[in-house]
Amino acid sequence: MANDDKPNNADTETSPEASAALPLAAAHAGGDAHADHGLAHTMPVWMLVAVLGALMGLTILTVSVTSFDLGSQGNLVVAMVIATIKAALVVTFFMHLLWDKKFHLILFLTAVLFVVLFLSMSITDRGEYQQNIDLYQSTTAAAATK
Amino acid sequence: MSESTSESVTPPAKGGHGAPAAAEHTVDGHGNGHAHGDGPHLAHHFDTYQQQFDAGKLGIWLFLLTEVLFFSGLFCAYTVYRGMHPEVFVYAHYFLNTKMGAINTCVLLISSLTAAWAVRNAQLAQRGLLVLNITITIACACTFMVVKFFEYEHKFNDGLLPGPAFHPTEQVWELETFRHKHPEAAEYAEKLTKLAEERDEAKKHGAKAGSDKPEAAVFERPTEEQLEPLLKAGVIGPTAEDPTRPSKPRNAHVFFGIYFFMTGLHGIHVLGGIGVFIWLLIRAKKGHFGPKYFGPIDYAALYWHLVDLIWIYLFPLLYLIH
């Protein structure tokens, strides 16, 4: 704590790999003299601002694209692709996953994998029952017009 | 930095396990501060700051994992219901205010930037900037909630509530959003409504006046532009609630159930985030955070980014339905 020259980090921020490699080992080994790296990667300001700019741009894009008709599911697909790009930007940069331990990335991707499994199973299952829905709608509509 | 940390005997920080340490190590025997020495914010069950930080980081990532799965239940409900009844979503999206949704998206994105920036400030012991960035984050989160409040209030007033409380005060083709997009269809829907009313009127007096129905002769064949938007929104056609006149799709209230659950759960997370950041603001002002101890800021920022992430998906799914 007394090592108040720490803000030097501001100058060495362009070398993120240094702190990302083996944090635990680094802590044990580098606890003594030249601990000029922090406990984790430090994001440069320009990168943060650039990511925000990209996110804002994509938001404008996703809003403006709704005024075009891209087919039955086209608009939904485009909106989801843009949202996923935005999500990837947030996860990679704002959440430091690019420099973080790979284990955290695996954790996150596991969650995504299970969400995809969950949704795809549900969609497939729903497709199986579409006939029943159509039948129900046509019969109730016919009954109502009588 | 050093004077504030050396004398404070505040309770040590929580690690990933959430158990605050009771005992406190005194200054280490090395005599020099910058060794792997114990400090006021190193919980006693950790050997080093690095270990403490890594444990907390793993903890928050596991928590975020459960959060993703938690929200996925609602996303699943959305997906399944939209697959079954797309007309309900087309109908309901005309009632949502895209501008407010877009403003909230931008506000959340900005707060995400300041949260990420705050982590950097904590790492570099920039106390002033840290306090400023946390304050902006809180301000943005509050702005988000205020906009949300106005949106909810609007829906409450217009009877756009889930379940049996769903009594929309306006028909979808009367809305500005609909009229702007499909002026011909809106006109046609009004025409149909008028016709249905006249028909009802005629039925009432039918006993004495006899049946003269000129309207069928006057009425022209509707064009694609007139029919298509109404059919897609379930105003007329097989999915409509009332086959005799333009109305709304059956079970349109389900959309608002999904809408309120998804945005409500997200809003609760925003409120939670505000609470956490207020706590961190107080601690940041006291100068608790520095290069060796910035975990809480980092973890809160990660949580905040996840809240932002969920909104990134909610916004197009709820507000930008085509």
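Helix α5(B) takes in residues 127-157, 31 residues in total. From first C-alpha to last it reaches 45 Å, close to the 45 Å expected at 1.5 Å a residue. Its buried residues are Leu130(B), Asn133(B), Ile134(B), Thr137(B), Ile138(B), Cys140(B), Ala141(B) and Phe144(B). An α-helix has 3.6 residues a turn, so residues three or four places apart point the same way. As for what these buried positions touch, they pack against two helices of chain B, α4 (98-123) and α10 (253-285).

Helix α10(B) can be checked in much the same manner. Its 33 residues should span 48 Å at 1.5 Å a residue, and the end C-alpha atoms sit 47 Å apart, so the two figures agree.

On the α3(B) side the residues involved are Val88(B), Phe89(B) and Ala92(B); on the α10(B) side they are Val254(B), Phe255(B) and Phe256(B).

Zooming out, chain B has eleven helices and zero strands, so its pattern along the sequence is simply α repeated, α-α-α-α-α-α-α-α-α-α-α. Of its 322 residues, 43% are buried. Among contacts between residues at least 6 apart in sequence, 73% join residues at least 24 apart. The chain is divided into domain 1, made of 42-166 + 253-319, and domain 2, covering 179-232. The C-alpha centres of these two domains of chain B lie 47 Å apart.

One residue worth a look towards the end of the chain B stretch 179-232 is Leu227(B), found in helix α9 (residues 224-232). Its C-alpha atom is 6.3 Å from that of Ala185(B), although the two residues are 42 apart along the chain. Is Leu227(B) buried or partly exposed? It has 17 C-beta neighbours inside 10 Å, and therefore counts as partly exposed; the cut-off for buried is 20 or more.

Chain A is also made of helices, six of them, with zero strands, and reads α-α-α-α-α-α along the sequence. Of its 146 residues, 23% count as buried. Residues 24 or more positions apart account for 56% of the chain A contacts with a separation of 6 or more.

How far can the picture be trusted? The model scores ipTM 0.80 and pTM 0.80. Chain B averages a pLDDT of 84, and 84% of the residues score at least 70. Residues 1-37 of chain B, however, have a pLDDT below 50, and in the model this stretch has 64 contacts beyond near neighbours in sequence. Where pLDDT is low, the predicted coordinates should not be read in detail.

Definitions and conventions:
Residues are numbered from 1 along each chain as its sequence is written. Chains are lettered from A and ligands numbered from 1 in the order in which they are written. This is a predicted model: local features need pLDDT of at least 70, side-chain atom pairs count only at pLDDT 80 or more; totals for chains, interfaces and linings use all residues. Helices (H or I, at least four residues) and strands (E, at least two) are DSSP runs, numbered from the N terminus. A residue is buried if 20 or more other C-beta atoms lie within 10 Å of its own, exposed if 12 or fewer, and partly exposed in between; C-beta atoms are placed from the backbone. Two residues are in contact if their C-beta atoms, placed from the backbone, lie within 7 Å. Domain bounds come from an automatic or database domain assignment. The expected span of a helix is 1.5 Å times one less than its number of residues. pLDDT is the predictor's confidence in each residue, from 0 to 100.
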